Amino acid sequence: LGKNKEGRERLLMMPVHSIKMGKEFMGILRDKFMKNAYASQFSPQDMDLLVGAAYNYAGESMVAILNKVKPESFTDLTTKRRFPSQTKRQIEALMKELGYGY
């Protein structure tokens, strides 16, 4: 079912598979960020927000952004790098859902 493009697209339309793939991708992002010189110093809350922002916006390319911007925190990243309005809304929703008062 997931061996070709059409099969993968059908999997994404099935909520149980879409959620599973999204969770796996977020794990991949978190692992990459934990190995990054800048993101690995983030607080657990900042790491959650970074993963959410990357999932919505840049994916694995966020590593290159981190290396270019050299942020000390997620807040520092958001002041040095502009995110699209959709990603900003996603970050705000994630902060609210997780109870982070930034």
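This is a guided tour of the model above, one selection at a time.

**Before you click**

What you have open is a predicted model, in which local features need pLDDT of at least 70 and side-chain atom pairs count only at pLDDT 80 or more, while totals for chains, interfaces and linings use all residues. Residue numbers start from 1 along each chain as its sequence is written, and side-chain values use heavy atoms, with hydrogens and water left out.

**Stop 1: the whole chain**

Show everything as a cartoon. The protein has 6 helices and 0 strands, and its pattern along the sequence reads α-α-α-α-α-α. Helices here are DSSP runs of H or I with at least four residues, strands are runs of E with at least two, and numbering goes from the N terminus. The C-alpha trace spans about 45 × 25 × 25 Å along its principal axes. Colour by accessibility next: of the 102 residues, 30% are buried (under 20% relative accessible area; exposed is over 50% and partly exposed is in between, with a 1.4 Å probe and protein chains only). Among contacts with a separation of 6 or more, 54% join residues 24 or more positions apart.

**Stop 2: H2 against H3**

Select residues 15–34 for helix H2 and 44–56 for helix H3. The two pack at an angle of about 120°, with their axes 10 Å apart. Axes are lines fitted to C-alpha atoms, for helices over the stretch in contact, and angles run from 0 to 180 degrees between N-to-C directions. H2 and H3 are therefore oblique to each other; angles under 35 degrees count as roughly parallel, over 145 as roughly antiparallel, 65 to 115 as roughly perpendicular, and the rest as oblique.

Now show side chains. H2 brings Gly22, Phe25, Met26, Leu29, Arg30, Phe33 and Met34 to the contact, and H3 brings Met47, Asp48, Leu50, Val51, Ala54 and Tyr55. By class that makes 10 nonpolar, 1 polar and 2 charged residues. The nonpolar class holds Ala, Val, Leu, Ile, Met, Phe, Trp, Tyr, Cys and Pro, the charged class holds Asp, Glu, Lys and Arg, and the others, Gly among them, are polar.

**Stop 3: two ring pairs**

How many aromatic pairs does a search of the whole structure find? It finds 2. Rings of Phe, Tyr and Trp (its six-membered ring) pair if their centres lie within 6.5 Å; planes under 30 degrees apart are stacked, over 60 edge-to-face, and the rest tilted.

Phe25 and Tyr55 make a tilted pair, 5.8 Å centre to centre with 50° between the planes. Phe25 sits in H2 and Tyr55 in H3, 30 residues apart. Phe25 is partly exposed at 26% relative accessibility, and Tyr55 is partly exposed at 41%.

Then pick Tyr57 and Phe83: their ring centres are 5.5 Å apart and the planes are at 80°, so this pair is edge-to-face. Tyr57 is in the loop between H3 and helix H4 (62–69), and Phe83 is in the loop between helix H5 (74–80) and H6, so the pair ties together parts 26 residues apart in sequence. Is Phe83 buried or exposed? Phe83 counts as buried, at 6% relative accessibility, whereas Tyr57 is partly exposed at 32%.

**Stop 4: H3 against H6**

On the H3 side, find Asp48, Leu49, Gly52, Ala53 and Asn56; on the H6 side, Gln86, Thr87, Gln90, Ile91, Leu94, Met95 and Leu98. The classes come to 6 nonpolar, 5 polar and 1 charged.

Zoom in on Thr87 in H6. At 2% relative accessibility Thr87 is buried, and beyond neighbours within four places in sequence it contacts Ala53, Asn56 and Tyr57.

**Stop 5**

Select Phe74 in H5. Phe74 is buried at 3% relative accessibility. Leaving aside neighbours within four places, Phe74 touches Phe42, Asp46, Leu49, Leu50, Ala53 and Ile91.

Finish at Lys70, in the loop between H4 and H5. Most residues other than glycine have a negative phi. Lys70 is not a glycine, yet its phi is positive, about 55°. Lys70 is partly exposed, at 44% relative accessibility.

Definitions and conventions:
Contact = heavy atoms within 4.5 Å.
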